[in-house]
Amino acid sequence: MSSSDTVPATGLSTGLSLRAVGAGLLAALVGYASSVAVVIHGLTAVGASTEQVVSGLVLVGLAMGLTAMGLSLHRRKPISIAWTTPGIALLAATGAVEGGFPAAVGAFVVTGVLIVLAGLWAPLGRWIAAIPKPLANGMLAGILLKLCLAPFLAVSQAPGMALLVLATWALVGRVARLYAVPAAVAVALGAMALDSSGGAALSGALWPGVTFVQPVFTWEAMVGIALPLFVVTMASQNIPGLAVLATYNYTPPTRPIFLATGAASALTALGGAPTVNLAAITAALCASPDADPNPARRWQAAFVGGIGYILFAGLAGVTAVMVTRSPPILIEAVAGLALVGAFGAALMGAVQVEANRTAALVTMLVTASGLSFVGVGSAFWGLLLGGAVHLLHWRSPVSQPAK
């Protein structure tokens, strides 16, 4: 039994914790500001219009907020929910598919259904967990590599704005690493707002709306987006999210989490929203003692974080219009900075074990190559070819170190 289960849900544990409220608001701010540019860039890459991006941001904010509030309140544990940042980076790397954005929406719906099935049918979740971690990390590193190069490529195309964003990221990261990416995003958004085209565009963006997208189900989108998106979401978000909670002695049952996030993802996908899942980084903000010394009150941080995401949904119109009407390379640069940490962790996880290094590097390089064959994107082929190399060398003698 976890320590969080041993604390009675009475007396002090039911009172409002101001520290938990502060931690929840910080988690929402960091989670939203650090990767909203990634979300916008990913949706745009698969063909979403500005109106569809706004709709997706509104609905994904509501999905994150409502599921976090419901799960944390029901289980009395700090269950934080986030959008799948690595999965959205996959969209940016994949680009448009046959059928356009409606086909991508169909893939979002199927991904949500697969997450629900992982909650209903335990073997499916175990199969995903059984994918060798070096291969999963190699695929993620390959997905993130191109975006992480963008901040430095942007210097040659938009030197003034790019150098300002990079300098902000580096200087703020020197004194407060947690705020480095949000500060860079704030500077970038400020520069976009001051731009003549971006500033003029804000007049009609104050009241965001929701747009229904009729999903189209194509074989290319299922194999090229839905399957890799499901694997990335489970392996890079849900499983690490559970590990973070376990670090702080919280062990919530996975079935209600997968059912809630999968159903919310499938439903909101009809309005262009990407997949939601367990948070990892922001989960630590809500589950650690910094949120509250009493483990039984930390659920309030995740609950308040959910409220924060709902409030941020109201800014979807302004954010989307400024970002989509700004130089694309600058958006990629901001998104890349938000993913540098994730890329480093994925690369380390891919090459750490020497016996699996070759297979993991094959997975990463094929994924990063942008290979597209029979309409299927590189993430699938990277995992497939890397898996073939892994099986080829499985149980083979480990080479002796050179003397």
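Contact means heavy atoms within 4.5 Å. By that rule, S288 touches Y248 and R298, leaving aside residues up to four places away in sequence. The model is predicted.

**Helices α7 and α17**

- Two packed helices are described by the angle between their axes and the distance between the axes.
- Helix α7 spans residues 133-157, and helix α17 spans residues 357-369.
- Their axes come within 7 Å and cross at roughly 30°.
- Angles under 35 degrees count as roughly parallel, so α7 is roughly parallel to α17.
- The crossing of α7 and α17 is right-handed.
- On the α7 side, the residues that meet α17 are P134, L135, G138, M139, A141, G142, I143 and L145.
- On the α17 side, A359, A360, T363, M364, T367 and A368 meet α7.
- By class, the contact of α7 with α17 has 10 nonpolar residues, 4 polar ones and no charged ones.

**Helices α11 and α12**

- Helix α11 covers residues 219-247, and helix α12 covers 254-268.
- The axes of α11 and α12 come within 12 Å and cross at roughly 140°.
- That angle makes α11 oblique to α12.
- α11 passes α12 in a right-handed crossing.
- M234, N238 and L242 are the α11 residues that meet α12.
- An α-helix has 3.6 residues a turn, so residues three or four places apart point the same way.
- From α12, the partners are T254, I257 and F258.
- This contact of α11 with α12 divides into 4 nonpolar, 2 polar and no charged residues.

**Nonpolar cores**

- In soluble globular proteins, nonpolar side chains tend to be buried together.
- The largest nonpolar core here has 72 residues.
- L57, W83 and F101 have the most contacts inside this core.
- Helix α3, residues 50-75, supplies the largest share of the core, with 10 residues.
- A second, separate core has 10 residues, among them A37, V181, V185 and A188.

**Helix α4**

- Helix α4 runs over residues 85-94 and is mostly covered.
- Of its 10 residues, 8 are buried.
- The buried residues in α4 are T85, P86, G87, I88, A89, L90, L91 and A92.

**Loop residues**

- Most residues other than glycine have a negative phi, and most peptide bonds are trans.
- R76 is not a glycine, yet its phi is positive, at about 55°.
- R76 lies in the loop between α3 and β1, a strand at 81-83.
- R76 counts as partly exposed because its relative accessibility is 38%.
- N249 is not a glycine either, and its phi is positive at about 65°.
- The loop between α11 and α12 holds N249.
- With a relative accessible area of 40%, N249 is partly exposed.
- S288 sits in the loop between α13 (281-287) and α14 (299-313).
- Is S288 buried or exposed? Buried means under 20% relative accessible area, and S288 has 8%, so S288 is buried.

Terms used: Residues are numbered from 1 along each chain as its sequence is written. This is a predicted model: local features need pLDDT of at least 70, side-chain atom pairs count only at pLDDT 80 or more; totals for chains, interfaces and linings use all residues. Side-chain values use heavy atoms; hydrogens and water are left out. Axes are lines fitted to C-alpha atoms, for helices over the stretch in contact, and angles run from 0 to 180 degrees between N-to-C directions. Helices (H or I, at least four residues) and strands (E, at least two) are DSSP runs, numbered from the N terminus. Angles under 35 degrees count as roughly parallel, over 145 as roughly antiparallel, 65 to 115 as roughly perpendicular and the rest as oblique. A crossing is left-handed if the near helix is turned anticlockwise from the far one by less than a right angle, and right-handed if clockwise. Ala, Val, Leu, Ile, Met, Phe, Trp, Tyr, Cys and Pro count as nonpolar, Asp, Glu, Lys and Arg as charged, and the others, Gly among them, as polar. Buried means under 20% relative accessible area, exposed over 50%, partly exposed in between (1.4 Å probe, protein chains only). A nonpolar core is a set of buried Ala, Val, Leu, Ile, Met, Phe, Trp, Tyr and Cys residues joined through side-chain atoms within 4.5 Å.
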